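Here is a guided tour to follow with your viewer open. Keep the selection tool at hand, and we will go from stop to stop together.

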Amino acid sequence: MKHGIYFFDHSVLTTAIQDFTAVIKEDTSNAQARLYRGRAYAKQQQYRNAIQDLAAVIHLDPSCWLAFYHRGCILRQIDPKRAVQDFSVSVLINDTQENYCSFLHRGIVYSEQCQWSLAISDFESVLALDSSVVFAYLNIGLILLLHLDQYYEAIQQFTNAIEIDPLNVQAYVCRAQAYHKIHSLPNAVKDINRAIHLYPNKSQLCILRGQYLMELKKYELSSLCIHQLAEMDEESFTSQPVQQALIQSFCQNHDKAIKCLREATRIQPEPSVFVILGKIQMKAKKTKDAVRSFKKAMKLLMTSAKILPNTFEVAEIYYLTGLCRMEQKSLLRARDAFSMAIRLHSSYPDAFYRRGLCQMQLRQAKCIQDFNRALALCPSHFQAYMSRAAYYGSKGRYSKAILNCNEAIKILPNNGRAYFYRGTLKYQNKSFKAAIEDLSKTIDLDKTCILAYYNRAVCYHQIKDFRKALKDYGILLLLELSKEIGFKVLINRGLLYVELGDYGNACEDFKEATLLSPDDSEIFQAIGICYHRLHEFEEAVRSFDQALKLDPVSVNACVGRGSSYMENRHEAGCKQAQKDFLRAIHLNPKCIKARICLGYNLQALGKLQKAWSQFTVAICIDPKCHAAYDGRASVCLQAGETFAAFQDINAALKLTTTAPLLTNRGVINQLMGYLPCAMKDYQEAISVDPNYALAYFNAANIYFHNRQFSQAYCYYSKVLELDPRNESAVMNRAITNTLLNNIEEAKEDFEKAICLCPFSAAVYFNRANLYNGLKQYELAEKDISTALSIQANDALMYKFRADIRGKLGFNKEAVEDYKQALSIQEQIDSM
């Protein structure tokens with residue numbers, strides 16, 4: 001017996017069994033020999049013989065707890081119920097530390113039977129008998145973690161295990177997973193790092209660390225983990241080609257991944273491996289190869305009757321094939337592939353969504369049905385809502401499109417694309433302020449979203465918030481823009497500057513735009529208009545010249561150049577302008593703008609009848625053209641046909657009410673002697689446009705004529721607020737101040753008038769009157785002499801100087817001036 005026990009302890013099992021058999025032959029009731037032989041049979045996996053021996057032991061010695069324990073261990077897998085009974089009897093006989101393994105194994109059986117509370121109770125009994133059993137802590141922790149969702153209690157169990165065995169990798173990994181469950185990611189990463197420190201070449205640990213780091217949004221560190229995996233040479237890792245290929249694919253080493261999987265398919269061609277190969281080929285943009293891989297997978301899945309099984313796996317292969325066809329722009333074949341996927345698996349939301357996309361690109365109205373079906377199957381399908389919004393947006397149903405964007409934002413509240421598209425839809429719906437809110441949210445989520453800045457600038461422009469629009473356009477020009485967007489930004493900002501009256505900056509933007517599009521004639525026209533508004537007429541002519549070189553039949557460029565020539569104020573310029581206006585009319589006989597400009601041109605040349613005819617033709621073309629009536633009124637007025645002018649200006653005012661038209665009617669009324677009517681027109685013009693200086697000026701002149709000098713003074717001052725360089729207003733206010741005895745103010749105004757118009761004889765003449773009234777005859781004589789040097793043939797000024805010289809005692813010079821005055825007057829009378 002001792003001989004057999006010796007060999008049993010030293011694992012020489014065959015010899016031990018022979019010795020125990022010999023003992024049993026001599027003494028069939030020897031329970032100890034049968035117990036050892038049963039245990040030896042169990043170690044040799046001769047379970048039938050082992051059970052027979054252990055049953056005999058139990059029969060011979062019912063109190064032998066070891067026999068019940070070992071038989072329970074053998075029956076644990078094949079008959080768990082009997083195993084539990086044996087373990088229970090064993091612990092009933094012996095519940096001391098010596099038999100804690102019975103509690104442990106019974107706990108394992110209970111775990112396998114999902115009887116979690118009984119399992120935990122047994123593992124706790126083990127720990128009560130021996131608190132150093134790490135396995136018990138781990139099992140309790142795993143039950144709490146995986147099945148009872150008691151994560152904090154699980155963490156405590158794993159911590160107890162680590163305190164007993166600080167080098168236990170499983171405990172660290174399990175605790176990391178528990179920390180992950182309670183979103184304590186930094187602690188999870190710490191535990192995984194400790195596990196990797198103990199086993200640095202375990203690929204699964206690196207995968208877990210990469211996952212946790214990605215969830216912590218530490219993407220660089222996460223990517224580094226995956227790259228480390230790709231470089232690993234661990235045997236267990238390299239023996240799994242699919243996993244290795246996936247790692248290589250993540251690292252963008254698609255060629256290595258494809259090579260790895262192709263070798264795997266040669267050794268053991270399986271449909272799933274071909275599918276993974278196809279997916280990686282799709283990532284590598286090798287869609288033709290991917291389609292071939294999917295076809296091979298389907299060939300392997302095909303039954304002997306050459307029929308594909310009706311499974312999701314096959315449906316997915318068709319779906320992936322459809323994606324490849326979409327990438328190849330083969331929309332009809334893609335649609336058919338998605339249809340097959342749906343036929344095989346009718347609850348496939350992505351397939352419905354993709355088929356809907358194909359149909360939308362093929363302009364088929366059925367696409368909306370597929371989007372609806374995708375959302376019915378998966379109410380959280382973000383892309384389906386966005387595509388449905390795009391469909392409704394393309395049909396002009398903006399409100400419905402916005403509602404779909406709202407649903408998409410509920411699913412992904414921080415998705416910039418959804419806010420951007422909703423903002424553009426609100427812009428289309430004329431809800432500019434709401435659009436700005438969405439576009440601002442887009443920019444908050446993505447500071448470099450060029451289109452969001454661009455569209456927001458357009459919205460600000462629409463609501464007349466020019467400062468913010470300029471700011472957004474400025475930001476855009478600091479970013480790296482495509483040529484097309486950069487061009488649009490410059491044009492839009494230039495137009496905004498035009499609207500603000502800042503023609504200098506507008507001109508600079510348009511000139512910069514010509515560098516991006518040098519063959520666009522309209523930009524040169526815009527530059528010409530800006531130069532015209534800046535009174536740089538020669539530059540304007542050059543810009544219009546360039547526009548006409550690019551587009552010789554541009555009517556607007558002809559009219560623009562003609563208008564610039566007109567501003568030269570000399571006959572040659574007027575004749576050149578006339579040629580341009582006639583060319584514009586030749587290109588488009590119905591161009592009213594060209595006929596009106598030609599009418600003013602002919603008026604400037606004194607050809608009043610021809611001018612009148614052009615304005616009349618313009619009125620015939622468009623009886624509602626108020627500018628034509630206004631122009632004809634000015635010609636009639638110049639020709640002395642005051643009543644005809646009055647009729648035309650009234651016709652213009654029936655079409656529209658503007659300050660210039662009212663002021664022009666006031667002038668006609670004034671010429672007709674109807675001063676109260678004229679004043680009424682000027683006051684109405686001021687109420688229509690409080691910043692129209694000419695209306696104030698003409699009203700001031702009537703006040704002056706009526707000797708209402710205080711009112712005249714106020715109105716001249718208002719003119720100078722609006723137009724500080726109006727020399728006529730300055731001089732008239734100076735005269736008004738003289739009459740009001742505001743001597744110092746009068747002197748200041750005369751000085752301003754001389755600065756603005758140094759060659760005006762009238763200014764010096766009127767200031768001479770002021771000095772004469774002040775008895776400052778020397779200054780008066782100096783000013784009247786200056787006036788005569790500018791305008792020599794004026795009898796009145798000679799008489800005035802003669803009077804002043806007489807007061808100064810210069811009698812001889814005074815007589816000469818009187819004689820000169822008489823001579824000039826006689827010449828005038830004889831004419």
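## First stop: a serine in a helix

Start by selecting S293, which sits in helix α19, spanning residues 287-301. Keep in mind as you look around that this is a predicted model. Is S293 buried or exposed? S293 counts as buried, because its relative accessibility is 5%, and the limit for buried is under 20%. Now show what surrounds the serine: setting aside neighbours within four places in sequence, S293 is in contact with F274, L277, G278 and Q281.

## Zoom out: the whole chain

Colour by secondary structure next. The protein chain has 49 helices and 0 strands. Switch to a surface view: the accessible surface of the protein chain is about 43,300 Å², and carbon and sulfur atoms account for 52% of that. Of the 831 residues in the protein chain, 48% are buried.

Nonpolar side chains tend to be buried together in soluble globular proteins. Select F510 and I784, the residues with the most contacts inside the largest nonpolar core, which has 103 residues. Which helix gives this core its largest share? That is helix α42 (residues 693-705), with 8 residues.

Stay with F510 and display what it touches. Not counting residues up to four places away in sequence, F510 touches I491, G494, L495, V498, I523, A526, I527 and C530. Apart from this core there is another one, of 51 residues; to find it, select A290, F338, F352 and M386, which are among its members.

Together with F312, Y319 and Y348, F338 belongs to a cluster linked by ring pairs. The structure holds 12 aromatic pairs.

## Salt bridges

Side chains of opposite charge can pair when their charged atoms come close. In this model the count of salt bridges is 26. Here are some to pick out.

- **E508 and K511.** Their side chains form a salt bridge, at 3.3 Å from N to O. Both lie in helix α31 (residues 503-516), 3 residues apart, which means they are separated by about one helical turn. E508 is partly exposed, with a relative accessible area of 45%, and K511 is partly exposed as well, at 31%.
- **D803 and K799.** Their closest N and O atoms are 3.3 Å apart. The two residues are 4 apart in helix α48 (residues 795-808), so about one helical turn separates them. D803 is partly exposed at 26% relative accessibility, and K799 is partly exposed with a relative accessible area of 41%.
- **R805 and D817.** This salt bridge has its closest N and O atoms 3.1 Å apart. The pair links distant parts of the chain, with R805 in helix α48 and D817 in helix α49 (residues 811-830), 12 residues apart. Both R805 and D817 are buried.

## Last stop: a network

Conventions: Residues are numbered from 1 along each chain as its sequence is written. This is a predicted model: local features need pLDDT of at least 70, side-chain atom pairs count only at pLDDT 80 or more; totals for chains, interfaces and linings use all residues. Side-chain values use heavy atoms; hydrogens and water are left out. A salt bridge is a side-chain nitrogen of Lys or Arg within 4 Å of a carboxyl oxygen of Asp or Glu. Buried means under 20% relative accessible area, exposed over 50%, partly exposed in between (1.4 Å probe, protein chains only). Rings of Phe, Tyr and Trp (its six-membered ring) pair if their centres lie within 6.5 Å; planes under 30 degrees apart count as stacked, over 60 as edge-to-face and the rest as tilted. Accessible areas come from the Shrake-Rupley method with a 1.4 Å probe; for residues, only the protein chains shown count as cover. Contact means heavy atoms within 4.5 Å. A nonpolar core is a set of buried Ala, Val, Leu, Ile, Met, Phe, Trp, Tyr and Cys residues joined through side-chain atoms within 4.5 Å.
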